[in-house]
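This briefing sets out selected features of the structure shown below, grouped by topic.

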Amino acid sequence: MRNRFLFLFLVLISIFSCKVPENVVYFQNSSNLESISSTNSFTPVFKVDDIVSIQVSAADMDAARPFNLMQGSTISTSLGENGAGTQASGGVEPTYLIDEEGNIDFPVLGKLKIAGLTRIQVKEMIKEKLKIYINDPIVSVRLKNFKFTVIGEVSNPGAYTIPNERVTVIEALGMAGDMTIKGKRGNVMVIRENDGVNTYHRLDLTSKSIFDSPVYYLAQNDVLYIEPNDSRMRESRTRSNILGIILSIVGVAISTVALVIR
């Protein structure tokens, strides 16, 4: 009988020791020196409430200066002798907030609808409109407030703002300190909002197929949620039960004391 219990104990240890790596190791089905050609070609587009930096330059900077006014930004401006605005000192970039209709108010050119367009599309559109004013205009366009949020079983949950517009799920997890050992690596959720509608995508980080996921590259305001695994859920239930028992005991004690005092 003792030998049977010992054998059963060893079998259980073997089973659990095999299952743990499967739950925590990333990209398990990748082969050594394997090359993966990703078909993922995600390109972010501008959305309402994005803050966009747009700078115009040219060989003739006097011709470009009127298109670098600080309208629509929090940066103060100064007026030259001819009344034209000039860029503030310190090399601060003029920025524009995309309004609820997807427009920005651009100097001289007026309202430009850029929501739904990529950075390259906005750049080419403005260059085309500037050609009647400037020879060979150079336009720089950047998203200034790219933000994503990581919550759940990670070391440092929170909202992150980065100075570029391309970040992968892996990079986002790295910024958040990676998952804890209690996170479900095979069932990661990305919540993405498009035109007021939330879509939910599930990712399996234990598989190399993640590189072809449509949400491998995060979009502006994406939420990355790391669900707790069964072990963490059991811990939570245990703590809740213990807290409930403690509160019950305290309640009984208070009632007893109240009766004695009477």
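A residue is called buried when its relative accessible area is under 20%, exposed when it is over 50%, and partly exposed in between. E128, with a relative accessible area of 52%, is therefore exposed. The model described here is predicted.

**The five-stranded sheet**

- Five strands form an open sheet in the order β9-β8-β12-β10-β11, and their pairing is mixed.
- The edge positions are taken by β9 (158-162) and β11 (197-203); each has a single partner strand, so one side of each lacks a neighbour in the sheet.
- Direction ignored, neighbouring strands of this sheet are turned against each other by 20° on average.
- Strands of a sheet pair through backbone hydrogen bonds, in either a parallel or an antiparallel manner.

- β8 (residues 146-152) pairs with β9 in the antiparallel sense, over five bridges; K147 stands opposite T161 of β9.
- β10 (residues 183-194) is joined to β12 by five bridges, also in the antiparallel sense, and V190 has L224 in β12 as its bridge partner.
- β10 and β11 run antiparallel and are joined by seven bridges, with I191 opposite Y200 in β11.
- The hairpin of β10 and β11 has two residues between its strands, and D195 in this hairpin takes a positive phi near 55°.

- D222 is located in the loop between β11 and β12 (223-228).
- Its relative accessibility is 1%, which is under the 20% limit, so D222 counts as buried.
- The side chain of D222 reaches the backbone nitrogen of A219 at 2.8 Å.
- The side chain of D222 also meets that of R192 in a salt bridge, at 2.7 Å from N to O.
- Because R192 lies in strand β10 and D222 in the loop between β11 and β12, this pair ties together parts that are 30 residues apart in sequence.
- R192 has a relative accessibility of 8% and so counts as buried.

**Other salt bridges**

- The count of salt bridges in the model comes to six.
- Side chains of opposite charge can pair when their charged atoms come close.
- One of the salt bridges is formed by E165 and R119, whose closest N and O atoms are 3.4 Å apart.
- This pair links distant parts of the chain, 46 residues apart: E165 belongs to the loop between β9 and α4 (169-175), and R119 to helix α3 (residues 119-130).
- E165 counts as buried because its relative accessibility is 17%, whereas R119 is partly exposed, with a relative accessible area of 30%.
- K131 and E128 meet through their side chains in a salt bridge of 3.4 Å, N to O; as stated above, E128 is exposed.
- Salt bridges that share partners join K184, R202 and E227 into one network.

**Nonpolar surface**

- V108, I132 and Y133 make a nonpolar surface patch of about 340 Å².

Terms used: Residues are numbered from 1 along each chain as its sequence is written. This is a predicted model: local features need pLDDT of at least 70, side-chain atom pairs count only at pLDDT 80 or more; totals for chains, interfaces and linings use all residues. Side-chain values use heavy atoms; hydrogens and water are left out. Patches are made of residues with over 30% relative accessible area and no salt bridge: like charges are joined within 9 Å, nonpolar side chains (Val, Leu, Ile, Met, Phe, Trp, Tyr) within 5 Å. Accessible areas come from the Shrake-Rupley method with a 1.4 Å probe; for residues, only the protein chains shown count as cover. A salt bridge is a side-chain nitrogen of Lys or Arg within 4 Å of a carboxyl oxygen of Asp or Glu. Two strands pair if DSSP finds at least two bridges between them. Helices (H or I, at least four residues) and strands (E, at least two) are DSSP runs, numbered from the N terminus. Axes are lines fitted to C-alpha atoms, for helices over the stretch in contact, and angles run from 0 to 180 degrees between N-to-C directions. Buried means under 20% relative accessible area, exposed over 50%, partly exposed in between (1.4 Å probe, protein chains only). A polar contact is a pair of N or O atoms within 3.5 Å; within protein, one must be able to donate a hydrogen and the other to accept it, and residues adjacent in sequence count only if both atoms are side-chain atoms.
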